[in-house]
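My notes follow the model.

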Amino acid sequence: MVRLIVRRILRLIPVLLVVYSITFGLFKLTPGSPFQLGTRPLPPDTIKAVEKQYGLDKPWYEQYVSYLGKAVHGDFGPSYTKRGQSVRDVIGPAIPITLQLSIAAFLIGPTIGIALGLLGAVRRNTWLDYLSSGVATLGVSIPGYVAVSALIVIFGVTLRWLPVQGWHGIFSVSAIIPVLALALEPLAVFARFTRSSALEVLGSDFIRTSRARGLRERTVILRHVMKNALIPVLTVGGLEFAGLIGGSFFVETIANVPGLGRATVVALIGRDFPVIMATVLIAALAIVVVNLLVDLIYLVVDPRVEVSA
């Protein structure tokens, strides 16, 4: 396990370097200056002076190396659009909000999804099975931005049960709509994968042997079926967490939640390159770390599974 962690950490370096290089290249290939936006564009001389202040007048390779060296030490520089603020000031308050949303959605979605998938497999061809399949199909078919918009219209505008926009903490009613919108897709994916995996386990020889030995059905399901069915399901855990990070861009923007996703969208509109770079690198780091945690959970759930480092 220690060897796996060390190797994955070493692999993290080239992954982040590739992500940084692609993001840097896309920004440089975008025509125009980030200081030309707005209804009143700055005069050319002023733009040149501002670009010199931020080091944008240097050759691209010097900018590449200079920014990379600062980013390694956690210094992403000043924001282009929020004058007088650093990138850390911009995204610092947003990171905890996105983490809270993602963790809450990742707790709710897989918990309900695994329960629905397991019930659908155990009660195959019953209304529970049809409910599980229907929820899985619905959740996979509806994008996050459609889900959050529908929830706002239903519960915020029509029924007036929940606030339409804003953020007052993860334990407030304002968090219900964005959390549900983010949890819908992982709920559906986990329900579908759990049902498929559980059906395969239920048809295996050792389950028939357990039942022949006189074990109670509840014991067979919880001790044998559930444990073995969840091993393949863990594979999608890292991918779904990555999906939550991507989905938060739309959900936070539509629901006006001041998280990392909304900060990224605002930075993209304003071409605030330092903020964009920081959020992209943080998202890539989070995805790699989650994938490593999934591999470690694999080893805990079933030590027989060999995870390739």
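I looked up the ring cluster and found Tyr20, Phe24, Phe27, Tyr64, Tyr67 and Phe273 linked by ring pairs. I count Phe, Tyr and Trp rings (six-membered ring for Trp) as paired if their centres lie within 6.5 Å, with planes under 30 degrees apart as stacked, over 60 as edge-to-face and the rest as tilted. This is a predicted model, where local features need pLDDT of at least 70, side-chain atom pairs count only at pLDDT 80 or more, and totals for chains, interfaces and linings use all residues. Numbering runs from 1 along each chain as its sequence is written, and side-chain values use heavy atoms, leaving out hydrogens and water.

I get 12 aromatic pairs in the structure. The planes of tyrosine 20 and tyrosine 67 are at 5° with ring centres 6.2 Å apart, so I list the pair as stacked. Tyrosine 20 sits in helix H1 (residues 2–29) and tyrosine 67 in helix H3 (residues 60–72), 47 residues apart; helices are DSSP runs of H or I, at least four residues, numbered from the N terminus.

I noted a tilted pair, phenylalanine 155 with tryptophan 161, at 6.1 Å centre to centre and 40° between the planes. Phenylalanine 155 is partly exposed at 24%, and tryptophan 161 is exposed at 62%.

Next I checked phi. Asparagine 125, not a glycine, has a positive phi of about 65°. Asparagine 125 lies in the loop between helix H5 (94–122) and helix H6 (127–141).

Key
Helices (H or I, at least four residues) and strands (E, at least two) are DSSP runs, numbered from the N terminus. Buried means under 20% relative accessible area, exposed over 50%, partly exposed in between (1.4 Å probe, protein chains only).
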